[in-house]
Amino acid sequence: MLNIAVCIKAVPDEECYNIIKFDPVMKTLIREGISMVINPSDLHALELALCLKEKLGGEITLISMGPMTVTTQLRECLSYGADEAYLMSDCIFGGSDTLATSYVLSKGLRHIGNFDLVLAGNESADGATSHVPSQLGEWLGYPHVMEVCALNIVDEKIAAVRKKADNYFVDYTVKLPAVFAVSRGMNKVRYPSIRGILSSKGKEIKVLTAESIPDLDISMIGLQGSPTKTGQLITSSFHRDCMLLDGSNEEIASAILGMIRPVIDD
Amino acid sequence: MEKPDLDKIIVYAEHKKGHLDPSCAELVGKAKELSVKYDDNVVIGAVVLGYEISEVVKDLSQTGVDYIWYTDHPKLTRYNSEYYALALEEAVRFIAPELILIAATSQGSELAPTVGARLKTGVAAHCVDIVADDNGQIVNIVPALGGKFLTEIKIPDVRPMISTVKPSVFVKKDVPANSNVQTVRIESKALDSYESRIWFVAESVKEENEKPIEEANVILCAGMGIVDEENWRKLNELAARLKCAVGYTRPVIDLGVVNNDHNMIGTSGKTIRPQLYVGFGVSGASHHICGMKDSQIILCINSDENADIFRLSDYKVIADCGAILDAMLELTGGLNG
Amino acid sequence: MWYMNEERELLRKMVQNFTEKEVKPFVKEMEEHKTFPREIVRKAGEVGIIGLTYPESYGGSGEDYINAALAIEEIAKESNTAAVCVLLQMHLCVRWLHDYGTPEQKDKILRKIIAGDAIWAGALCEPVGGGNWFAYNTKAVLDNDEWVINGSKIFCTNAGQADYYAVLCITCEPNPVEGRGTTLIMVPKDAPGFKVGHIERKMGWHGSATGQIYFNNCRVPKVNALGPIDMGYYACTSSSSNGTILFGAACLGSAEGVYERTVKYCKEREHVGKSLFDSYQVVRNKLAEMLVEIEAYRVFIYGICETLNMGMDATPQLVAAKIKGARLFQSIASDAMELHGSNGTIVECDIERFLRDAMMNFFGGGIPSVLVDNLTYFI
């Protein structure tokens, strides 16, 4: 029986990135009409949790920090077959950077119970810092491994993992409890089953506010607990003048080869 | 307003099999550039961790750094995130720099947030630039929303600041070696007594494409418009014949034709700046653009004349990429080799 | 919409994702090679779409017609054929098995169908006899513990693809007045003497296999009789026809699919510096008229679903929905052709495919003129 926690983040739908506009006066994003989705990497972490649960039994607890609207994404995660969901939502959590976010999540997890495995997506689609898994591990005092692309539970105390490093793979055994950041290549995410969807209706999403956690240090959270301060947004423009290569397929192919050949590596 | 102090910048020097990682020189170059802004009164140092690393330390002394701090310990024989984080934390506490630059390699991406959490300081991830503003404040420029926008990150109140930079993002500069490099060995007590909870088992080298994609001169990149396994096979065949590297965008992984994401190009993958980038069916999603925009020449083939990628291409071909692949194969030894 | 809630939105989203990943890439294969979407049906079973109209005791998720219609509507936005192939496993002929099968038969077969692991076909039509089932020629006689079947069926949907065929056989002297004379017999695809004949090349629904099947001293165990012996007509006609609503949902979904494609086309297609949409009032009005029809039909369909969910009879409404659905889909598809101009006739444009599939809805599951005739019984 494994107790697995999966960290979930709601992010703007990548499909909407091209319609996200930037307010040049306020220097902020115009979020209107931008739908939120479950961070794609997190679904791979959830899939791993579901596979482990099917194989070894156990419970899957979801945890997220964000506004109350994140219940939608948590409900969706429940429909995949997770057992419980907690949303850490409080206006004083707002403005947290990765250090403060991971602190809040660690306090939430400690409050909820004891976990053998804490899983997270390797990176979020919006911020993409990949900091939270490691920092969560630090706050919890657990070992942590990033970019995990295979994982097996050896016994109750030990997991065997394969980590994707720059151009190679490394295999480790890791003492549990531990935090693992799951890489997208690890598995193929299932569809939530209709049974799962229909039974998610009965599952309650529990909300944790700052007050729910007695030993939460307020100075560590939100804007004041965040060492990094985000400045204004800059629209990145990488425009180049583009020339059309025209002609028959052969002519085009030959033109491209003419550009490739002089610069190919020895 | 008085300039905030910036006395020491240190670069975390990664090395593998006795060789310094190329990212090291890129980071030292950036540190030098920053030091100019502070009237050159900045010590630029490097921290290197490992076991029996005197050769690496010697190489490091040629990179233009003023100081080298190193920890030489059997427990650092190979990378272990717990031992390395412990040693790096210890070194940083000892050195007390204002700014730490770490390459966002697999190793650096783990160490930076870990050490950041231990020092309760901020980490700016995947900087595309690091500058000093008029007030002498360090400003990190980082991608936001998958590279669609850029944003500034400052760490005003806590020291040290940590910045991570993907390999190849900064151009390597020729920094003359300092003839008077100070080398300091840090004796780690903490390492002696700590036992890691992560045990190394084995390492498997990736077989195909031994050379990292970051070092290739020509990269053929597959986008979702590549559509099927057949075209993917053709692209690889063409790359093999021309000795080019092959990269891909994230949707290609989702198509299921590649079995790992080693050579995915983009915000959560590799950053490349080859002499020539040839995109096959690449649409130009912002997270991909972020990883390839610095290519010297960008040529893209897409059947959609309105594809976003054309906006940052030097050359465009509006055609079915399968047909162009066929034509290119035909001209390089025939369709079936 | 009043029928939506959080779970149904999740369900809709899941099927939308399923359609994008599993159905869309297979459309070309179905159209060009007439390949039956076996994998789509299997996966639809796997994720629980087929189970939407079956009780939990056989692996379903309860009979909620709104949920079922939502799923079929989503699939049909991309492919009417795929939606029909899936819905045929969700009710209709399979309902005979559900309503009249023995617990053993259901345990063995229904469970597999719901899981997507088996395909079911109903075989009624014959070359001679038309709509009069008592005039059919396919006969089954008992020889000890086995039925021996001789004859043939035409227009058998899923011919050559099904694992089980529910075949209507004459088993005694027919007496139409008493409804006596026929028995439904289940024939597994590997039964000796069973043969699949010519598969028709149809106008639309490429991918759905329609064809002839032959029985030449075909032998199946006596226990394969489905429902009351000699009362097959009764079993067929008294089984719940609630699943008919899914044809309506498929027509609704496909009409929406056509509408959305047309809106996109009209807004993107340039005409003298402006889009078609911006250039012509007549284009905008036509799109608005399409929307009127679709939205009215949506409320109609889900209203019936809600009625069925409440356990009430809606037979005349089901017939009306079937008729209206085919007409709606056909008229939307043909208006869309007009707005697309010559582009609409091109295969890659999808519109001609939808129009061909729309026409199939006039025949599959009941011809409107016959159905209208059925409706007159309620007047």
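Before going on, a word on what is loaded. This is a predicted model, in which local features need pLDDT of at least 70 and side-chain atom pairs count only at pLDDT 80 or more, while totals for chains, interfaces and linings use all residues. Residues are numbered from 1 along each chain as its sequence is written, and chains are lettered from A and ligands numbered from 1 in the order in which they are written.

**Stop 1: chain A as a whole**

Keep chain A selected. Its C-alpha trace spans about 70 × 50 × 40 Å along the principal axes. Of the 266 residues in chain A, 49% are buried (20 or more other C-beta atoms within 10 Å of a residue's own; exposed means 12 or fewer, partly exposed is in between, and the C-beta atoms are placed from the backbone). Now think about contacts, meaning pairs of residues whose C-beta atoms, placed from the backbone, lie within 7 Å. Among those in chain A between residues at least 6 apart in sequence, 72% join residues at least 24 apart.

**Stop 2**

Of the 2 pairs of chains that touch, A and B have the most contacts. Look for an open sheet of 6 strands with parallel pairing, in the order 15(A)-18(B)-17(B)-16(B)-14(B)-15(B). Two strands pair if DSSP finds at least two bridges between them. At the edges, each pairing on one side only, are strand 15 (243-244) of chain A and strand 15 (245-248) of chain B.

Zoom in on the place where the chains join. Strand 15 of chain A pairs in the parallel sense with strand 18 (residues 315-318) of chain B over 2 bridges. Click on Leu244(A): its bridge partner in strand 18 of chain B is Lys316(B). Next select helix 6 (residues 249-260) of chain A, which packs on the sheet and touches strand 14 (218-222), strand 16 (276-280), strand 17 (297-302) and strand 18 of chain B. The direction of this helix makes about 150° with that of strand 16 of chain B. Angles run from 0 to 180 degrees between N-to-C directions, with axes fitted as lines to C-alpha atoms, for helices over the stretch in contact.

Chain B has a helix to show here as well. Its helix 6 (residues 229-242) lies across strand 14, strand 15 and strand 16 of chain B, at about 175° to strand 14.

**Stop 2: chain C**

Switch to chain C, which has 14 helices and 10 strands. Its radius of gyration is 21 Å, close to the 21 Å from the globule rule for 379 residues, so chain C is as compact as a globular protein of that length. The radius is taken over C-alpha atoms, and the rule is 2.2 Å times the number of residues to the power 0.38. Buried residues make up 51% of chain C.

Colour the domains next: domain 1 (6-115), domain 2 (120-231) and domain 3 (242-378), with bounds from an automatic or database domain assignment. The C-alpha centres of domains 2 and 3 of chain C lie 33 Å apart, and their contact takes 4 residues from each of these domains.

Finally, show chains B and C together: no contact joins them, and their closest C-alpha atoms lie 10 Å apart.

Conventions:
Helices (H or I, at least four residues) and strands (E, at least two) are DSSP runs, numbered from the N terminus.
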